[in-house]
Amino acid sequence: MSDGQRNALILAVCAAAWIIIFMRSATGEPERRDPTISPAEVQSFAKEKLNELQQQSFAQGKEFCALIYEDSSGVLQITPALAGSGHSCATMYVIEHDMLPLANLHTHGQYDTNFIGEAPSAQDLAVSAAERVDGYVSTPGGRFWFVDWETETTEQICGEGCLYQDPNYEKCAAFQPAQTYTLLQLRAPLPSETLPSLC
């Protein structure tokens with residue numbers, strides 16, 4: 001991905017985040033209440049839903065995203081999954097009054113040797129921070145990641161093959177993700193020797 005494409009993607013994600021903020025302020029964000037569902041339950045639910053979305057994501061070559069929320073009865077729910085592009089997904093959710101947003105989630109599309117899809121991106125952290133909810137990310141290699149919006153960090157919950165894996169996925173010697181990343185680390189430029197092909 002060229003610098004121009006990367007900058008355009010960053011601007012598109014930021015624009016989507018600002019639209020979310022504007023829509024919430026214009027329509028009146030629902031009054032916050034404390035969740036009754038534990039973080040462990042949310043994580044397990046996110047893992048199950050991402051695993052279900054993986055095959056569709058690979059087949060269509062698109063990212064899919066959705067929002068996990070607690071309804072007024074204290075039940076975990078998920079919005080309909082939205083299809084994005086090959087390497088982005090605009091999170092245009094409609095937040096109803098009785099919905100308590102708990103986390104966003106998205107796939108990273110199909111395996112692509114010219115794109116680092118095995119770790120969350122800086123944009124993934126930026127979107128979670130804008131939405132003020134944690135996030136979960138699945139990768140072509142079947143990794144499962146948690147994004148903490150408050151600390152602006154991400155952690156690999158389980159590694160390669162943990163979730164349904166793209167049949168075309170190949171282990172990449174040029175890039176093996178770390179266990180955790182900060183936003184600053186994700187914004188750092190890639191080593192030149194890994195470009196233009198990452199594997």
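How many of the ten residues of α3 are buried? The number is eight, so α3 is largely enclosed by the rest of the structure. The model described here is a predicted one. The protein contains four helices and eight strands, and along the sequence these follow the pattern α-α-β-β-β-β-α-β-β-β-β-α.

**Overall features**

- The protein has 199 residues, of which buried residues make up 44%.
- Among the contacts with a separation of 6 or more, 65% are accounted for by residues 24 or more positions apart.

**Helix α3 and the residue that follows**

- The buried residues of α3 are Ala-122, Gln-123, Asp-124, Leu-125, Val-127, Ser-128, Ala-130 and Glu-131.

**Nonpolar cores**

- The largest nonpolar core consists of 19 residues, and those with the most contacts inside it are Val-42, Ile-68, Leu-76, Leu-105, Tyr-136 and Phe-144.
- Two or more residues of this core come from each of α2 (39-60), β1 (64-70), β4 (100-107) and β6 (144-148).
- The largest share comes from α2, which gives five residues to this core.
- A second, separate core has nine residues, including Ala-119, Ala-122, Leu-125 and Leu-186.
- Leu-105, apart from its neighbours within four places in sequence, is in contact with Ala-46, Lys-49, Leu-50, Leu-53, Phe-64, Cys-65, Ala-66, Ile-68, Ile-78 and Tyr-136.

**Aromatic pairs**

- The structure holds five aromatic pairs.
- One of these joins Tyr-111 and Tyr-169 in an edge-to-face arrangement, with 5.5 Å centre to centre and 80° between the planes.
- This pair links distant parts of the chain, 58 residues apart: Tyr-111 belongs to the loop between β4 and α3 (122-131), and Tyr-169 to the loop between β7 and β8 (180-182).
- Tyr-111 and Tyr-169 are both buried.
- Tyr-136 and Phe-146 form a tilted pair, with 5.3 Å centre to centre and 50° between the planes.
- Because Tyr-136 lies in strand β5 (residues 134-138) and Phe-146 in strand β6, their pair ties together parts that are ten residues apart in sequence.
- Tyr-136 counts as buried because its relative accessibility is 4%, under the limit of 20%.
- Phe-146, at 16% relative accessibility, also counts as buried.
- One aromatic cluster is formed by Tyr-136, Phe-144 and Phe-146.

**The disulfide**

- The count of disulfides comes to one.
- The disulfide joins Cys-158 to Cys-162, with an S to S distance of 1.8 Å.
- The disulfide is left-handed because the torsion about the S-S bond of Cys-158 and Cys-162 is about -60°.
- Cys-158 counts as buried, at 16% relative accessibility, whereas Cys-162 is partly exposed, with a relative accessible area of 25%.

**Ile-157 in strand β7**

- Ile-157 is placed in strand β7 (residues 153-158).
- The relative accessible area of Ile-157 is 31%, so this residue is partly exposed.
- Not counting residues up to four places away in sequence, Ile-157 touches Gln-43, Phe-144, Trp-145 and Phe-146.
- The C-alpha atoms of Ile-157 and Val-137 are separated by 10.0 Å, and these two residues are 20 residues apart along the chain.

**Asp-34 in the loop between α1 and α2**

- Asp-34 has its place in the loop between α1 (3-27) and α2.
- Asp-34 is exposed because its relative accessible area is 69%, over the limit of 50%.
- Asp-34 and Leu-100 are 66 residues apart along the chain, and their C-alpha atoms are separated by 8.5 Å.

Methods:
Residues numbered from 1 in each chain as written. Predicted model: local features only at pLDDT ≥ 70, side-chain atom pairs only at ≥ 80, totals over all residues. Heavy atoms only, no water. Disulfide = S-S within 2.5 Å. Buried < 20%, exposed > 50% of the residue type's maximum accessible area, 1.4 Å probe, protein only. Contact = heavy atoms within 4.5 Å. Core = buried A, V, L, I, M, F, W, Y, C linked by side-chain atoms within 4.5 Å. Phe/Tyr/Trp six-rings, centres within 6.5 Å; stacked < 30°, edge-to-face > 60°.
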